[in-house]
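Subject: Structure for you to look through

Hello,

Please find the structure below, followed by some notes on what turned up in it.

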Amino acid sequence: MPPPGIQRMPDCSAIEAGEIGAFGLSFVFRAALTHPDFVSLQIVILAAGLGKRMRSELPKVLHPLGGRPLLAHVLDAARALRPARIVVVVGHGGGQVRAAFPQPDLQWAIQDPPHGTGHAVQQALPLLDPEGSVLVLNGDVPLIQPASLLPLREAADAGRLAIQTQVLVDATGYGRIVRDVAGCVLRIVEHKDASADERKIGEMYTGIMAAPAASLARWVGALSNHNEQGEYYLTDVIAMAAAEGVDIATAHPAHQREMKGVNSKAQLADAERALQRALADALLERGVTLADPARIDIRGTLDCGRDVTIDINTVFGGHVELGNRVTIGAHCVIRDCRIGEDTVVQPFTHLEGVIVGAHCDLGPFAHVHPDTELADGVEIGNFVEVKRSRIGAGSKAKHLSYIGDATIGRNVNVGAGLITCNYDGANKHRTVIEDEVHTGSATQLVAPVTIGKGATIAAGTTIWKDVPPGGLVANEKRQQTRPEWKRPVKKPKRNT
Ligand code: UD1
Ligand code: MG
């Protein structure tokens, strides 16, 4: 007889993802978000392992993937299901993990020291409602998507035990799914415990399981640690359930990349590539032109308007918005920026925390720091650095300048090599350049200083007093010519 709380299905053939529910997955997903019966779902995320294979001081689930911690990705998938509660099991570096995720919707269970994934689930049980169902996620399986979790959730809500599996050409390192001749799941064998024949099995366990809470509690309570690693494996509950005659449902993720577990830096790099490719494909789908979808990195979120073009090897970080017809040249770094329509960012440009207007032209080799706003039609050229500044519409700084703590008006021409001397060694001071000022090359503006509207600064001038509007300002300098002067010559080297 099946135990209370778990249903015996009419036959033991495994249910595949597509057969669960009468609807396509996307419809099921929408329904799941609003269905009142689903409130009993509880999600447990396992994140207490030592992560030894990462060979790092940082807790494994804090390692960044696409610029965000592994655990942040898993939490995105978990939250999309709107569970009644999310319990994260932490141990090694648990304080650090909790500090990184201060959100109030999370509950924390402590597993210290860690004795395996089954032991980890045990630590979460006191926080769970035994009447509800439980979805167990691994904190190191970050690419999982909510739609792929729905079949498991439905199976658990229907009183069944469900596991997520994937068939791989080479499943080395993962737990393998052992089935009987009829195709029913019998058990999961960990790679380290598997026989040579079992290691040839291509179907692996992704680390994601769902079951009624009461059944799961009973099974994990009966686990032993008689195995290669001396751990209480969560995966051993499958053999227990099968021995009780419980039918075990299996579902595959929608995309193969979703199964990728991160145990080592090599697997982290592999998951990063898979994520980046998926993000690039999504951009292509939305009509963005990518010179090479294999050579773009998005470490955060990137929103693009229509007809955006992105050349190779640009790294986007934080939240970046590109307006219609923006063009990004090769090898740029762009973080937390909003870039207006028709703006061109030339190669090797570094922009961080910048609001850029429409029709601007930035770079190549420009460096614009946070707290900077460039109005429409601004041009920032080669080797120009801008920091904490506002630059008005139509103004240009095309060559070799440093503009820091400045407010620059409209249609200003900043000559090559202008430097705002904004730092007195202790404090920063502002420079104000009013509309239509023209500065010659190699000028220095010693802040605090204001250049009045329409003034012209002669080349090579050092300004340390406010300049009135209009007119020309220049420093007195005398040019000397000494025709008799001879350039020094090197003394010949003596042989020793
Ligand atoms: C686990 C599965 C394996 C599956 C693979 C998928 C077990 C025994 N094995 O192996 O079948 O193919 O995931 O990626 O479950 N953790 C704890 N406490 C512990 C041990 C681990 O919370 O005591 C956490 C880890 O932080 C990690 C997750 O559980 O997030 C999985 O642990 P890990 O050691 O990575 O197991 P795998 O060898 O990947
Ligand atoms: Mg793992």
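Where the two domains meet, 13 residues of domain 1 are in contact with 12 residues of domain 2. Please keep in mind that this is a predicted model, and that the chain is divided into domain 1, which covers 14–259, and domain 2, which covers 265–473. The C-alpha centres of these two domains lie 45 Å apart.

Between them, domain 1 and domain 2 bury about 910 Å², and 70% of that area is on carbon and sulfur atoms. Across this boundary the count of salt bridges is 0, while 2 residue pairs are in polar contact, both at pLDDT 80 or more. On the side of domain 1 that touches domain 2, the elements giving two or more residues are strand E2 (64–65) and helix H2 (70–80).

Turning to the interior, in soluble globular proteins nonpolar side chains tend to be buried together. The largest nonpolar core here has 49 residues, of which Ile310, Phe316, Leu322, Ile334 and Ile380 touch the most other members. Several elements supply at least two residues each to this core, including helix H8 (265–285), strand E13 (296–304) and strand E15 (314–322), and the largest share, 4 residues, comes from E13.

Best wishes

Key: Residues numbered from 1 in each chain as written. Chains lettered and ligands numbered in written order. Heavy atoms only, no water. Core = buried A, V, L, I, M, F, W, Y, C linked by side-chain atoms within 4.5 Å. Buried < 20%, exposed > 50% of the residue type's maximum accessible area, 1.4 Å probe, protein only. Domains from an automatic or database assignment. Contact = heavy atoms within 4.5 Å. Buried area = accessible area lost by both parts, 1.4 Å probe. Salt bridge = Lys/Arg side-chain N within 4 Å of Asp/Glu carboxyl O. Polar contact = N/O pair within 3.5 Å; in protein donor to acceptor, adjacent residues only side chain to side chain.
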